[in-house]
Every structure is written in structure tokens, then in C-alpha cells.
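Let's take a friendly walk through a protein model. Have a look at the chain below, and then we will go from the whole fold to a few of its details.

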Amino acid sequence: MSRPKDYSLLEQTTSTEVGVPKPSLTLSDAVALIVGIVIGAGIFQTPALVASQAGSDLAVMFLWLMGGVVSLVGALCYAELATVYPDVGGVYYYLKRAFGRGVAFLFAWARMTVIQTGSIALLAFVFGDYVSQIWRLGTFSSSIYAAIAIALLTALNIVGLQQGKWTQNLLSAAKVLGLLLVVILGLTAIPNSAPPVEPASSGTWGLAMVFVLLSYGGWNEAAYISAEIQNGRRNILRSLMWSIGIITAIYLLINLAYLRGLGLANMSQSEAVAADLMRSIWGAPGALFISVLIAIATLGATNATIFTGARTNYALGQDFALFGFMGRWQQRPSSPTYALFLQAAIALALVFLGTLTRKGFETMVDYTAPIFWFFFLLSGISLMVLRIREPHIVRPFRVPFYPFTPLLFCAVCGYLLYSSLAYTGVGAVAGVLVVAAGIPVLFWNNYRQRRT
């Protein structure tokens with residue numbers, strides 16, 4: 001079935017038609033999905049890095065609060081785009097409408113080959129690292145676990161939407177409850193009496209925000225389920241506000257627990273801050289508990305990223321004949337099966353790449369970050385372009401304080417694009433080259449369409 005040209009047509013489509021995503025996700029499903037994506041590996045790794053740059057307890061809490069504020073600003077921009085243009089392709093559709101098919105294709109290509117698949121591989125590596133602490137499978141244990149996680153979760157999503165979303169809800173609930181237990185134990189522990197450290201210079205706060213916003217990343221995935229949320233024009237905004245509020249509260253509480261349980265000096269020097277906190281309270285069983293918790297957290301984030309990532313591939317297949325096989329939506333089960341298959345194949349190839357470099361997590365961070373922030377910047381610009389180009393379209397939600405809010409969002413994205421290029425290595429070059437390889441693919445697709 002061809003893709004609707006206007007969203008009113010999409011909303012009028014009945015559930016009996018084959019090949020159309022149906023509004024099957026409730027508000028709680030959407031919140032669980034966003035929370036599951038955002039609360040992944042970052043909150044277990046970055047707090048120590050932020051603490052080493054902040055210089056005081058108050059600065060640590062302020063930086064994490066600012067991360068929530070910046071995320072809220074971006075969410076307001078995305079809420080307008082998603083309510084005006086609810087589409088399974090998310091940012092792909094916004095960029096196509098604002099800048100044309102060429103830019104939209106490069107985004108979908110980047111998401112398919114770098115952004116989403118790199119994020120899946122990154123999270124899977126963290127899952128493998130921590131499961132290997134519980135039961136090791138030899139020299140390549142982390143990579144083996146990563147590959148198994150990608151294969152099994154992809155299969156689960158291919159089985160159908162209901163199975164995938166209930167798995168996500170359970171994983172998100174287990175993760176949040178586990179984090180709250182860490183918070184309670186950390187806040188009720190005897191305060192650490194380590195001597196204070198000298199404050200870091202204010203110039204390092206920018207680097208600290210890079211780590212903070214890395215941990216907040218993922219709320220934008222709401223754009224890719226906007227066509228599948230029940231009562232979308234109301235629930236898209238509500239799901240973003242609720243999820244960011246929950247995430248910000250959890251991040252503030254967990255950092256407060258780290259500070260109280262370890263102290264700033266020990267926190268800033270820790271290589272595994274959550275494990276060190278639990279070890280100080282419960283000993284070795286505490287460290288084992290946090291390893292299981294992190295495995296659950298990353299498994300949930302991997303599942304959610306697989307779920308949303310295939311939606312852009314589906315949109316790409318709808319618009320470009322070369323990838324037409326991905327533009328088929330299976331009604332039973334309700335999933336973009338072929339898009340999920342290709343996404344899993346690329347993610348598994350990246351796991352192999354990370355295995356070769358022997359720095360799986362670091363390689364994937366370098367590989368994805370610059371490309372992610374570049375297209376995040378373009379999505380913010382697209383909001384302003386579409387406001388100018390389509391002034392008469394009905395907008396159920398308008399971002400407040402326009403144009404200052406989207407301009408602030410674009411400025412943050414621009415800074416993080418610069419930072420991701422300045423602080424990453426060879427992996428960033430590889431990511432840029434892979435995206436550039438999409439340009440001849442685009443020309444080849446256009447050539448084939450002209451021939452036919």
C-alpha cells in the first residue's frame with residue numbers, strides 16, 4: 001500500500017486495511033518506551049565524569065537539573081512537530097517536508113547505518129559487559145552476549161507489537177524500581193566523610209554538559225511512534241512531559257544518593273560509581289545486584305531502540321524504490337518485519353566492528369555522536385522552516401516563546417555537534433564516511449526511478 005500523502009488520510013484509515021500502522025500504544029506505553037530508551041547505560045557511567053568536572057555537590061545537582069531543562073526545551077519543539085505531522089517516520093518526514101527528499105533520505109540512511117544501529121550495538125555491548133560479570137562466556141563474552149541480545153529482541157519485535165510493548169513495560173518498570181532501591185539505600189547510608197576537593201574551573205562545565213545530555217538522550221524517539229499513539233495529538237505532548245519529568249527526578253535522586261553515599265571525591269574518581277556505592281553498602285552481593293540492574297536497564301533500552309529504529313526504515317522503504325522491501329507493514333503481526341531484519345543485520349555487523357577494535361562501547365559512541373547531533377540540529381531548524389512555509393496549517397500544539405525556544409534548542413545542538421567532533425576519534429570519521437556513502441546511493445535510486 002502506498003504511503004498517504006496527507007496526515008488526514010492516515011487518521012481516516014481503518015484498521016482493516018493492510019500495511020498501515022495502527023494506534024495501539026496507550027499513554028503509559030509511550031511513557032514506558034521513552035523512559036526505557038533514556039535510562040540506559042548513561043546514568044551508570046557518566047555521573048562520575050560529571051562530578052570530576054563540576055567541583056562541588058551543588059554544581060553536580062545543578063548540571064543534572066539543567067540537563068532536564070534542556071531536554072524539556074527540545075521536547076517542546078518535537079511536540080509541535082509530532083502533533084502537526086504524526087508519522088511513523090518521525091524526523092524523516094519533518095526533514096522531507098522542510099528540506100526535500102534528498103536530505104530526508106540522508107537522514108534515514110544515517111539512522112539506518114549509523115545513528116540507530118550504532119546505538120543498538122552500543123547498548124548491547126554494555127549489556128554484554130555487565131552480564132559477563134555474572135557469567136562469562138570466554139574471551140569474546142561481551143560480544144557474544146551483545147549479538148544474542150540483538151537477535152532475540154529483534155525476533156520478539158517481529159512477533160508483534162503487543163509482545164514488544166509488554167516486554168518494554170516490564171523492563172522499564174523493573175529498571176525504575178531497581179534505581180529507586182539504589183536511591184533509598186544511598187540516601188539512608190551513613191554519609192561519606194571524604195575530604196572536599198577543589199572546585200574545577202568553570203570552563204569544564206561545557207564538557208560536563210556533554211556527559212549529562214548523553215545520559216538524557218533518547219526522548220526524541222517519541223516522534224517515531226506518533227502515528228501509533230492513541231489520541232496522539234494530546235498524548236504525544238503528555239508522554240514527553242511525563243517521561244522527562246520522571247527521568248529528571250530519577251537522575252537528581254540517583255546523583256544525590258551517589259554524593260551522600262560516596263562523597264564528591266570518591267564519586268569523581270570512581271570507574272563504576274553505582275557498583276562502588278552498592279559495594280560500600282552491601283559488599284559483593286551489592287555489586288552483583290547492580291550488575292543485574294544495569295543488564296536490565298540496557299536490555300530495556302536496546303529493546304526500545306530496536307522498536308523505534310525500524311520505523312524510519314519502513315518510511316524509507318515507502319518513498320524510495322531501492323529500499324521498497326522495507327516499506328511493507330505486516331498486519332499480523334503488526335510490525336515492519338523486513339525493516340527489523342535489515343536493522344538487526346547492520347547492528348550485528350557493528351558488533352563485529354566493535355569486537356575487532358576491542359573497544360566496543362567507545363567505538364560506538366565515537367561512531368554515532370556527530371551524526372546524531374547534526375540531524376538533531378536540522379530537526380530544530382525544520383520547525384522554523386515549516387512555520388514559515390506552512391503558516392496556515394492547523395497546529396494543535398505550538399511551542400511557547402517562539403522563535404526563542406527553537407533557537408535555544410538549535411544552539412545547544414550546534415554546541416554538542418562541535419563537542420562530539422572535538423572529543424571523539426577515528427570512530428567519528430567512520431560515521432561521517434558511512435553517511436557520505438549514502439549520497440551515491442541516493443543518485444543511483446533517482447537514476448533507477450527515472451529509468452522506470
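Of the contacts in the chain with a separation of 6 or more, 83% are between residues 24 or more positions apart; a contact means heavy atoms within 4.5 Å. This is a predicted model, in which local features need pLDDT of at least 70 and side-chain atom pairs count only at pLDDT 80 or more, while totals for chains, interfaces and linings use all residues. Residues are numbered from 1 along each chain as its sequence is written, and side-chain values use heavy atoms, with hydrogens and water left out.

The chain has 17 helices and zero strands. Both are DSSP runs numbered from the N terminus: helices are H or I with at least four residues, and strands are E with at least two. The chain has 452 residues, and 58% of them count as buried, that is, under 20% relative accessible area with a 1.4 Å probe, protein chains only.

**The core**

Which residues have the most contacts inside the largest nonpolar core? They are Phe44, Trp219, Tyr251, Ile290, Leu316 and Phe323, in a core of 128 residues. H6 gives this core its largest share, 17 residues. Such a core is a set of buried Ala, Val, Leu, Ile, Met, Phe, Trp, Tyr and Cys residues joined through side-chain atoms within 4.5 Å. Leaving aside residues up to four places away in sequence, Ile290 touches Phe44, Val182, Ala274, Ala275 and Met278.

**Two helix pairs**

Axes are lines fitted to C-alpha atoms, for helices over the stretch in contact, and angles between N-to-C directions run from 0 to 180 degrees.

| Helix pair | Axes | Angle |
|---|---|---|
| H6 (residues 101–134) and H16 (residues 426–436) | within 9 Å | roughly 135 degrees |
| H3 (residues 42–54) and H9 (residues 205–216) | 9 Å apart | about 165 degrees |

H3 and H9 are therefore roughly antiparallel to each other, a label for angles over 145 degrees. Gly42, Ile43, Thr46, Leu49, Val50, Gln53 and Ala54 of H3 make the contact with Trp205, Leu207, Ala208, Phe211, Val212, Leu214 and Ser215 of H9. By class, this contact of H3 with H9 has ten nonpolar, four polar and no charged residues. Here Ala, Val, Leu, Ile, Met, Phe, Trp, Tyr, Cys and Pro count as nonpolar, Asp, Glu, Lys and Arg as charged, and the others, Gly among them, as polar.

In the other pair, Leu106, Trp109, Ala110, Thr113 and Val114 in H6 meet Gly431, Val434 and Val435 in H16. The contact of H6 with H16 has six nonpolar, two polar and no charged residues.

Definitions and conventions. Buried means under 20% relative accessible area, exposed over 50%, partly exposed in between (1.4 Å probe, protein chains only). Angles under 35 degrees count as roughly parallel, over 145 as roughly antiparallel, 65 to 115 as roughly perpendicular and the rest as oblique.
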